[in-house]
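Could you show me around this model in my viewer? I'd like to know what to select, stop by stop, and what I will find there.

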Amino acid sequence: MKCSKIILVLTLMILQFGFAQEKSDVLLNKALTEAKKENKNALLVFHASWCQWCKLMEKNMNLPETKPLFDKSFVTVYLDVQERGEKKALENPGGQELMNKYKGENAGLPFWLVLNPKGEVLVDSFNAKGENLGSPATPEEVDFFLTKLEKTSRLNKAELQIIQKVFVKRKAQ
């Protein structure tokens, strides 16, 4: 009986380590390498499983009408941070430190940045007042988001309008 408990504990430990999240710096470096290869920028999004605004942003970015638009100009990487309780294992190790490095420690979630392939910040999710846009939802927030996308992407006016309609529309749902 005691032997089977030890085996169970060891099996659970192996499974937990086997399913541990990848380190944030590894994921970011992969994204930057891919961005350089594909002549794109990296869109780095910090999020958490409990964050409804994070889920809304991810959903809006991954709809059939928007995903190809984001994929056209960005290599997107999501880093899990600020998880609670039993979901703490979902976090990407080093994610919070990376978020802090980019001045997001008090920003709230989601917090996002666009980096060039060298890892230099082109834009972040702060508005002109220094407030985190997070998942833009109001017409004003979405317009500010689009301005940042326009500066860092190959998206044309028609494509930006598609993103605008989705982000403003989805807020009400």
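Start by selecting β3 (111-115) and β4 (121-124): the two run antiparallel and are joined by three bridges. Strands here are DSSP E runs of at least two residues, helices H or I runs of at least four, both numbered from the N terminus. Click on L113 and you will find D124 of β4 opposite.

This is a predicted model, where local features need pLDDT of at least 70 and side-chain atom pairs pLDDT 80 or more, while totals for chains, interfaces and linings use all residues. Residues count from 1 along each chain as its sequence is written, and side-chain values use heavy atoms, leaving out hydrogens and water.

Now show the whole open sheet, ordered β2-β1-β3-β4 with mixed pairing (strands pair if DSSP finds at least two bridges between them). β2 and β4 are the edges, each pairing on one side only.

α2 lies across β1, β2 and β3, at about 175° to β2.

Finally, select L44, F46, Y102, L109, F111 and L115, which have the most contacts inside the largest nonpolar core, of 24 residues. Such a core joins buried Ala, Val, Leu, Ile, Met, Phe, Trp, Tyr and Cys through side-chain atoms within 4.5 Å; buried means under 20% relative accessible area (1.4 Å probe, protein chains only). α2 gives the most to this core, with five residues.

Terms used:
Buried means under 20% relative accessible area, exposed over 50%, partly exposed in between (1.4 Å probe, protein chains only). Contact means heavy atoms within 4.5 Å. Axes are lines fitted to C-alpha atoms, for helices over the stretch in contact, and angles run from 0 to 180 degrees between N-to-C directions.
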